[in-house]
Each structure stands twice: as C-alpha cells, then as structure tokens.
Amino acid sequence: MAKPSSKPKKSTISSSTDSTSPDNLAQEEDTATATITVTAVEIPELTEQEISDRLHLERKVERAFFEAGKALTELRDRRLYRSTHKTFDEYCLDRFGYNRSRSYQLVDAAVVVDNLQKCPQIVDILPTAEGQVRPMTKLEPQEQQEAWLKAVELASGKVPTGRIVKDVVQRIMERTKIPNTYQIGEVCQILAKDNPELRGKGGCWAIVNYVGEFSCTVKIWDSEYTVGLQHLKSYSYLPAECEQIKQISDRISRVYSDSLEDTVKNLLQSLGKLNRPYLTVVEEKLLSLLEQEYGIVDEIPRNFQ
C-alpha cells in the first residue's frame with residue numbers, strides 16, 4: 001500500500017487574470033520595449049565676468065576670518081564700543097557671542113595674515129581659515145613668513161592644513177625655545193627692535209595680563225598687544241609699584257581716544273613711557289586737568305611724588 005504524501009497539494013484554481021493570457025503577454029511586450037525620452041539641458045559656460053565674480057566671492061568667503069579680525073582690531077583700538085560697554089571683552093561677548101579667547105584669536109590671525117601678505121614669495125596662497133593661522137601667532141613676523149612658506153611646500157603648493165602649519169611652527173620654536181617666567185600683573189618695558197608691529201611702542205611700560213608659552217599679552221596706555229618674550233624686559237617692580245602703574249594706565253586709557261588733539265595724545269603717550277611707578281606733582285596735575293576736561297569721573301587714587 002502506497003504511503004500518502006506529507007506535502008500539501010498545490011492549488012489548481014485558475015484565475016481570469018492568468019499572467020499567461022494573450023492580453024498580459026502583449027502588455028509585457030509593450031512594457032519591455034518602451035522607450036524613455038530624456039531632454040538634455042544645456043548648461044552654459046561661465047562668462048569671463050562670471051568667472052571673475054566667482055573668484056572674487058570665493059576670496060571673500062576664504063578671507064571672512066581675516067576681515068572679522070581686522071574689524072575687531074579697529075573696534076578695539078578706536079574703543080568704538082565705549083558708548084554701550086565698559087570693556088572690549090564685554091562688547092564682543094554681548095554683540096557677537098565671542099568670548100575673550102575667540103576675539104583675540106581673530107585679532108591675532110588678522111595680524112599674521114597682514115604680515116604674510118608683505119612677503120614677496122607669498123603671492124596667491126594665503127590662509128583660508130583661522131585654524132591655519134593660529135599656530136603662527138607664537139612666532140615673530142619673519143618666522144611666520146618662513147613657517148607659511150615651508151607649510152605650503154609640504155602641502156605640495158596648496159593651502160596647508162592647520163596640522164601641517166602646527167608641525168612646522170613647533171620645529172621652528174624648538175630651535176629658539178625660551179622659558180616664560182613673566183607673571184600676570186608684572187610691569188615690563190616694550191622693546192620694539194626688529195618688530196614693525198610694535199613701531200612707536202618702544203619704551204612703553206606694559207602690564208602683563210596673559211602669559212602664554214612663548215609670548216605675553218600686555219596692556220599699555222592705549223591698547224593691548226601680544227608680544228614675544230624677546231620684546232619684553234621686566235622692570236622688577238614691587239607688587240605695590242605694579243599696582244600704581246596699573247592705576248596710572250587705567251586713568252590714561254579712560255582719557256585716550258583717537259579723536260583727541262595731537263598735543264593731548266603726545267602728552268598721554270609720554271606718560272605711558274615713564275620708567276618709574278609714579279607721577280610727579282606736575283604730571284599729576286596735567287592728567288587731572290585732562291580728566292576734568294573730558295568729564296572723566298575721579299574713581300582712582302592718585303599716585304604721585
């Protein structure tokens with residue numbers, strides 16, 4: 001006796017829409033032989049003017065960080081924030097959302113790019129991002145140009161990455177490494193020799209307000225600068241004398257503006273180059289007179305001998 005199959009039988013129910021019907025076969029043939037027509041859209045070539053416009057706009061995008069740094073520098077140096085904010089730091093944070101570190105990264109980057117543009121060998125290949133410039137802020141102007149040229153060479157003639165620049169800068173710094181022994185609040189003298197960025201500031205006393213690895217940010221009578229260690233010389237003042245200089249600096253800064261007459265500017269500059277931590281009686285009277293003339297409220301103790 002045959003054993004019954006355990007597999008279920010397939011359904012043999014036929015359908016009126018059987019795929020093998022003549023009508024369906026005809027439809028399949030029609031589908032298989034259908035032709036899709038695509039209309040080609042011709043893209044016109046750029047005109048010479050459009051090519052020029054594109055390059056110009058690309059340069060603007062690439063230089064956005066540079067233009068921001070230049071603008072921030074002018075806002076700071078001319079104290080254009082003074083009508084709404086007490087300090088440049090407060091203004092940047094409130095207006096642009098930049099903390100102190102970011103503001104000065106852009107300011108320092110603009111200084112470096114300005115310097116690179118002065119190098120005859122650097123023609124078209126300039127930084128396109130602040131991160132490519134940041135490592136070079138630790139170097140002197142001539143070293144910045146050297147570092148950028150070497151970085152471009154390592155990048156096969158293209159704009160180098162921030163990593164390439166950082167590696168080149170590190171090698172340059174290793175050959176001239178000087179330990180930074182300055183302290184915040186210390187009073188130094190600026191030595192402007194061989195540094196065009198410090199032109200006119202030679203001999204000024206400067207108060208250290210940030211200590212970096214190879215440089216210091218210092219405040220002088222009219223603004224702030226980031227200065228290499230080789231361009232600073234400590235006065236070795238006592239803490240009380242440093243505090244007196246700070247008070248004099250604050251008073252001069254509150255009076256100074258670019259709109260002042262040249263005679264007044266020269267007087268304030270001469271007070272900013274004193275090599276002693278106090279004002280004489282005559283100097284104190286002159287500064288007090290300027291404070292009264294320009295409506296500066298007297299909130300700072302007087303320091304004179």
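Which residue's side chain meets that of Glu-224 in a salt bridge? The partner is Arg-100, at 3.7 Å, N to O. The notes below start from the sheet and return to that pair. Keep in mind that this is a predicted model.

1. **The sheet as a whole.** Five strands make up an open sheet. Their order is S4-S3-S2-S1-S5, and the pairing is antiparallel. S4 (224–228) and S5 (232–234) are the edge strands. Each has a single partner strand, so one side of each has no neighbour in the sheet. From one strand to the next, the twist averages 45°.

2. **S1 with S2.** S1 covers residues 187–190 and S2 covers residues 205–211. The two run antiparallel and are joined by three bridges.

3. **S2 with S3.** S3 spans residues 215–219 and runs antiparallel to S2, with four bridges between them. The two strands form a hairpin, with three residues between them. Val-211 has Cys-216 in S3 as its bridge partner. Tyr-210 has Thr-217 in S3.

4. **S3 with S4.** This pairing is antiparallel too, and it runs over five bridges. A hairpin of four residues joins the two strands. Val-218 has Tyr-225 in S4 as its bridge partner. Is S4 mostly covered or mostly open? S4 is mostly covered, with four of its five residues buried.

5. **Val-255 in H9.** Val-255 is found in helix H9. Its relative accessible area is 5%, so the residue is buried; the cut-off for that class is under 20%. Which residues does Val-255 touch, leaving out those up to four places away in sequence? They are Leu-260, Leu-268, Leu-290, Glu-291, Tyr-294 and Ile-296. A further pair shows how the chain comes back towards this site. Gln-292 is 37 residues from Val-255 in sequence, yet the C-alpha atoms are 9.7 Å apart.

6. Asp-250 forms a salt bridge with Lys-246, and the closest N and O atoms are 3.1 Å apart. Both residues lie in H9, four residues apart, about one turn of the helix. Both are partly exposed: Asp-250 has a relative accessible area of 23%, and Lys-246 is at 39%.

7. **Back to Glu-224 and Arg-100.** Side chains of opposite charge can pair when their charged atoms come close. Here the side chains of Glu-224 and Arg-100 meet at 3.7 Å, N to O. This pair links distant parts of the chain. Glu-224 is in strand S4, Arg-100 is in helix H5 (residues 100–116), and the two are 124 residues apart. Their surroundings can be read from their accessibility. Glu-224 is buried, with a relative accessible area of 15%. Arg-100 is partly exposed, at 32%. Asp-89 also belongs here: Asp-89, Arg-100 and Glu-224 are linked in a network of salt bridges.

8. **Another salt bridge, and the total.** Arg-78 and Glu-74 meet through their side chains in a salt bridge of 2.8 Å, N to O. Arg-78 is partly exposed, with a relative accessible area of 37%. Glu-74 is partly exposed as well, at 41%. How many salt bridges does a search of the whole structure find? The search finds 13.

9. **A nonpolar patch on the surface.** Leu-46, Ile-51 and Leu-55 form this patch. Together they have about 250 Å² of accessible area. Leu-46 is found in the loop between helix H1 (22–32) and helix H2 (48–62). With a relative accessibility of 43%, Leu-46 counts as partly exposed.

How values were computed: Residues are numbered from 1 along each chain as its sequence is written. This is a predicted model: local features need pLDDT of at least 70, side-chain atom pairs count only at pLDDT 80 or more; totals for chains, interfaces and linings use all residues. Side-chain values use heavy atoms; hydrogens and water are left out. Two strands pair if DSSP finds at least two bridges between them. Patches are made of residues with over 30% relative accessible area and no salt bridge: like charges are joined within 9 Å, nonpolar side chains (Val, Leu, Ile, Met, Phe, Trp, Tyr) within 5 Å. Accessible areas come from the Shrake-Rupley method with a 1.4 Å probe; for residues, only the protein chains shown count as cover. A salt bridge is a side-chain nitrogen of Lys or Arg within 4 Å of a carboxyl oxygen of Asp or Glu. Buried means under 20% relative accessible area, exposed over 50%, partly exposed in between (1.4 Å probe, protein chains only). Axes are lines fitted to C-alpha atoms, for helices over the stretch in contact, and angles run from 0 to 180 degrees between N-to-C directions. Contact means heavy atoms within 4.5 Å.
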